[in-house]
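Q: I would like to go through this model with you, a few questions at a time. May we begin with how its strands pair?

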Amino acid sequence: MRPAWLQLLLAASLCACSAASSATDLRWRFDIDTRLIRYDTDRGDDFHSTQGLAVRAGLYLNHYLSLEAGAVLNNRVIDDTRKDIAGYYQVSLEQQGLLLGLRASHRFTSPYEVFARLGLSHARTELAVTEASDDSTPPVSVSASDRTLGYYIAFGGAHFITPTIEAHLELGRETQPDLFSDRSRYPFDLDALSLAFGIGILF
Amino acid sequence: MSEINLTLKKTLAVIILSLLSTSCEISTDDNLPATDARGLSISVITNRHEDETTAEVSAAVYQDGIPVELTGGDLFKVTSGAESSYLKMPAAQIRGYAGSIETDSRETLDIEIIHDAIIAREDRWYPVDALFIDPGPGPLVGRRASASFPDPVRLTAPQASTEYNSIDGQIDLQWIAGSGNESMNLVAAVDCSDGLSTSRYGIQRDLGDDDGFEPVPLSDIIVDNNNPLFNSYIGPLAQVLLQQLLNELSEGNIDPDFVVRKIEANPLESRCEIWLVLQRVRKGDFDDGFDDGDITASSSTDVQVIYSPPALF
């Protein structure tokens, strides 16, 4: 059973596709963003920042709304090295994902635009742990990954350099809930807060 | 303040444990328990404060006098009746492990070194059962010790808020004497203010037999900053632990380095609140897997008294 918000988003996407098919002036956009990402879980991690890349292709449904799909690739990020009764350990995380959502925008008379993004993300999250009992023991590493369906939301502003090329700045948040819930008694939610700078091209 | 609040009592319990494991003599040693320097030894210190439902427990193992780290999933498990707990926090004062357990004063505490790779790691943020690491049990697994709490201490004197005006006087500690072979111990936490500055510190004193009476000279508790021995009396380790109490006393408004920065007000010339913690201490047992050991369980109670020197003109 899909959650209500997922059903709503799928329905909106279907409606959007239907609207697009009846539009007479189909326009496309292509975005590529470089992102600074800060991960945060609900269980007390302390991840460092990392970088990532996002690409999206969007189909304008009307002057304000586009349906977009894309992919994100985020670099591996490490948590602080910690020590507890079992030994020293360090966790790292890497994530890739696919995006499907809507982009709403409002363009002013000046060459500026504000926009918001909302959608679903299907992500593969890999965790790796390296542990050593003490300084004299060789470290041991294990890893595990999980694929989950999450969601994202973002807000930003764009400046049109030419009528078809814009540069934009965007603040976003992507959430993957209940990671590893199917195989662990200790699932967690993962938030990725991002600051993105990118270029958008309209066709 | 006539009674110590719950948080403060817990902090006192930690301090009691720490001071129990340190020498009250002026010393430059490492504060580790005095056990046989050769072979494998265990130290367990546990205290149950009056009216508390939990006992604080610290435990450590030493090989030839050097602390042994439990790693990989080995850890101390403490059992009391149907309750069990694990010692995972660092106990700096004995360079071992600390924790607490729900217990009744009549229950025996069993302390065993076990191996459980998940429990040892379950406080980590990531899913430790999905990223499972288990190097297997270490050589100490299976060794045990046990302790039982002595009867609760019933302090009959002094009364709370009793005021003393001269260090030439004494505090007549009176309690209902025990029937066993336990010994008594006194921990005092002192908080002084001369109106402009404050000083806070703690001391410990072995009271010997559990005979129901012990006069304690105030000069053993109220110190004189001008006495050069004073700064040596509280070791750096005890200072760190006392900082916890002082934070509680000041509701978090204390300078984090207050104790380290030494005393400012001279207690001899200041009004001081003195928390007296009286402990009844009983020795416990350890199994043949250890060559030596020091197992102590104590019950404690407390009372607050005042030192108020005559005005100086």
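Q: Which residue is the bridge partner of B:Thr79 in E8(B)?
A: The partner of B:Thr79 in that strand is B:Asp110. Please note that this is a predicted model, in which local features need pLDDT of at least 70 and side-chain atom pairs count only at pLDDT 80 or more, while totals for chains, interfaces and linings use all residues. Residues are numbered from 1 along each chain as its sequence is written, chains are lettered from A and ligands numbered from 1 in the order in which they are written, and side-chain values use heavy atoms, with hydrogens and water left out.

Q: How many bridges join E4 to E8 in chain B?
A: Six bridges join E4 (residues 74–80) to E8 (residues 108–115), and these strands of chain B run antiparallel. Two strands pair if DSSP finds at least two bridges between them. Helices (H or I, at least four residues) and strands (E, at least two) are DSSP runs, numbered from the N terminus.

Q: What is the strand order in that open sheet of chain B?
A: The five strands are ordered E5-E4-E8-E9-E17, with antiparallel pairing. In chain B, E5 (83–87) and E17 (285–286) stand at the edges with a single partner strand each, so one side of each has no neighbour in the sheet.

Q: Now to E1(B): is this strand enclosed or open?
A: E1(B) is largely enclosed by the rest of the structure, because ten of its ten residues are buried. Buried means under 20% relative accessible area, exposed over 50%, and partly exposed in between (1.4 Å probe, protein chains only). B:Leu40, B:Ile42, B:Val44, B:Thr46 and B:Arg48 point one way from E1(B), while B:Ser41, B:Ser43, B:Ile45, B:Asn47 and B:His49 point the other way.

Q: Which residues are the bridge partners of B:Thr46?
A: In E2(B) the partner of B:Thr46 is B:Val57, and in E18(B) the partner is B:Ala297. E1(B) and E2(B) run antiparallel, joined by eight bridges, whereas nine bridges join E1(B) to E18(B) in parallel. E1(B) and E2(B) also form a hairpin with four residues between them, and B:Asp51 in the turn has a positive phi of about 65°.

Q: Which residues touch the most other members of the largest nonpolar core?
A: They are B:Ile42, B:Val44, B:Val61 and B:Phe76, in a core of 29 residues. Elements giving two or more residues to this core include E1, E2 and helix H2 (117–121) of chain B. Another core lies apart from it, with 25 residues, among them B:Val153, B:Leu173, B:Val223 and B:Cys272. A nonpolar core is a set of buried Ala, Val, Leu, Ile, Met, Phe, Trp, Tyr and Cys residues joined through side-chain atoms within 4.5 Å.

Q: How many disulfides are there over all chains?
A: A search of the whole structure finds one disulfide (a pair of cysteine sulfur atoms within 2.5 Å). B:Cys192 and B:Cys272 form this link, with their sulfur atoms 2.0 Å apart. B:Cys192 lies in E13 (residues 183–193) and B:Cys272 in E16 (residues 271–283) of chain B, so the link is between distant parts of the chain, 80 residues apart. Both B:Cys192 and B:Cys272 are buried.

Q: And B:Gly202, is this residue buried or exposed?
A: B:Gly202 counts as buried, at 2% relative accessibility. B:Gly202 belongs to E14 (residues 198–209) of chain B.
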